Amino acid sequence: MYLILKRIFDTIFALISIILLMPIFLFISLAIKLEDQGQVIYWSERIGKEKRTFKMPKFRTMAMNSPQIATHLLENPDELITKVGSFMRRYSIDELPQLWSILIGDMSFVGPRPALFNQDDLVRIREERSINSLKPGLTGWAQVNGRDDLSIEEKVEYDNEYKSKASILFDIGIILKTIKIVITR
């Protein structure tokens, strides 16, 4: 029953959010185009439920032709992140196009963050813990407990804890905590 309610919640709130945020999407798109010509949306190859690869949209925050690797692996990431991109990352605005992935069922509002296609270590450890059986989320238990400051092992521990506690109330708590973190950041 939980998974059915979760999918209904995801679909309804993703659709409502897309409609309400459309003016912001248009403004951000214009800002990206004005600063750094090129595509507005960056389609990142990610690993989803059952290790299925999917394309996850994000607003582009880095200069065109930047390497397709995790930002923390770049030597000088600040040189590649645009001014608009820096602002969007600070408030997680670059993540908003993932509402599309939620709407079409590749993602959920809450779940483990989808691994990059080349994060073999994270995918392997998640597979060992059966975390890849979960649909990835826009936010998750690891996200609200440290995000990028966590080691891969710590992220997987939080993902595993989420898997064991998953419920509508736990998901709502994670969403509220996410909103609080974004607003107070």
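Begin by selecting Ile16, which is partly exposed, with a relative accessible area of 38%. On this scale, buried means under 20% relative accessible area, exposed means over 50%, and partly exposed lies in between (1.4 Å probe, protein chains only). The model is predicted, and local features need pLDDT of at least 70, side-chain atom pairs count only at pLDDT 80 or more, and totals for chains, interfaces and linings use all residues. Residues are numbered from 1 along each chain as its sequence is written, and side-chain values use heavy atoms, with hydrogens and water left out.

Ile16 belongs to helix H1, residues 2–35. Helices (H or I, at least four residues) and strands (E, at least two) are DSSP runs, numbered from the N terminus. Next, select Met1, Ile4, Leu5, Ile8, Ile12, Phe13, Ile16 and Leu20 together: these residues make a nonpolar surface patch of about 810 Å². Patch members have over 30% relative accessible area and no salt bridge; like charges are joined within 9 Å, and nonpolar side chains (Val, Leu, Ile, Met, Phe, Trp, Tyr) within 5 Å. Accessible areas come from the Shrake-Rupley method with a 1.4 Å probe, and for residues only the protein chains shown count as cover.

Glu79 sits in helix H2, residues 77–80, and is exposed, at 65% relative accessibility.

Now display strands S1 (residues 41–47) and S2, which run antiparallel and are joined by seven bridges. Strands are taken to pair if DSSP finds at least two bridges between them. Ile47 stands opposite Thr53 of S2. Strand S2 is largely enclosed by the rest of the structure, because five of its seven residues are buried.

Five residues separate the strands of this hairpin, and Glu50 takes a positive phi near 60° there. Lys51 also has a positive phi, of about 65°, although it is not a glycine. Lys51 lies in the loop between S1 and S2 and is partly exposed, with a relative accessible area of 42%.

Select Arg60, in the loop between S2 (53–59) and H2. Arg60 is buried, with a relative accessible area of 6%. Its side chain is joined to that of Asp36 by a polar contact of 2.6 Å. A polar contact is a pair of N or O atoms within 3.5 Å; within protein, one must be able to donate a hydrogen and the other to accept it, and residues adjacent in sequence count only if both atoms are side-chain atoms. Leaving aside neighbours within four places in sequence, Arg60 is in contact (heavy atoms within 4.5 Å) with several residues, including Ile32, Gln37, Val40, Tyr42 and Met88.

**Salt bridges**

The whole structure holds ten salt bridges, each a side-chain nitrogen of Lys or Arg within 4 Å of a carboxyl oxygen of Asp or Glu. Go to Asp106 and Arg52, whose side chains meet in one of them (2.8 Å, N to O). Asp106 lies in the loop between helix H4 (98–104) and strand S3 (108–110), and Arg52 in the loop between S1 and S2, so the pair ties together parts that are 54 residues apart in sequence. Asp106 is buried at 15%, whereas Arg52 is partly exposed at 42%.

Move on to Arg113 and Glu95, which form a salt bridge between their side chains (3.0 Å, N to O). Arg113 lies in the loop between S3 and strand S4 (115–116) and Glu95 in the loop between helix H3 (83–90) and H4, so the pair ties together parts that are 18 residues apart in sequence. Arg113 is buried, at 13% relative accessibility, and Glu95 is buried, with a relative accessible area of 11%.

In the loop between H3 and H4, select Ser92. Its phi is positive, near 60°, in a residue other than glycine, and Ser92 is buried at 14% relative accessibility.

Finish at Glu128 and Arg124, a salt bridge with its closest N and O atoms 3.3 Å apart. Both residues lie in helix H5 (residues 120–128), four residues apart, about one turn of the helix. Glu128 is exposed, at 56% relative accessibility, and Arg124 is partly exposed, at 46%.
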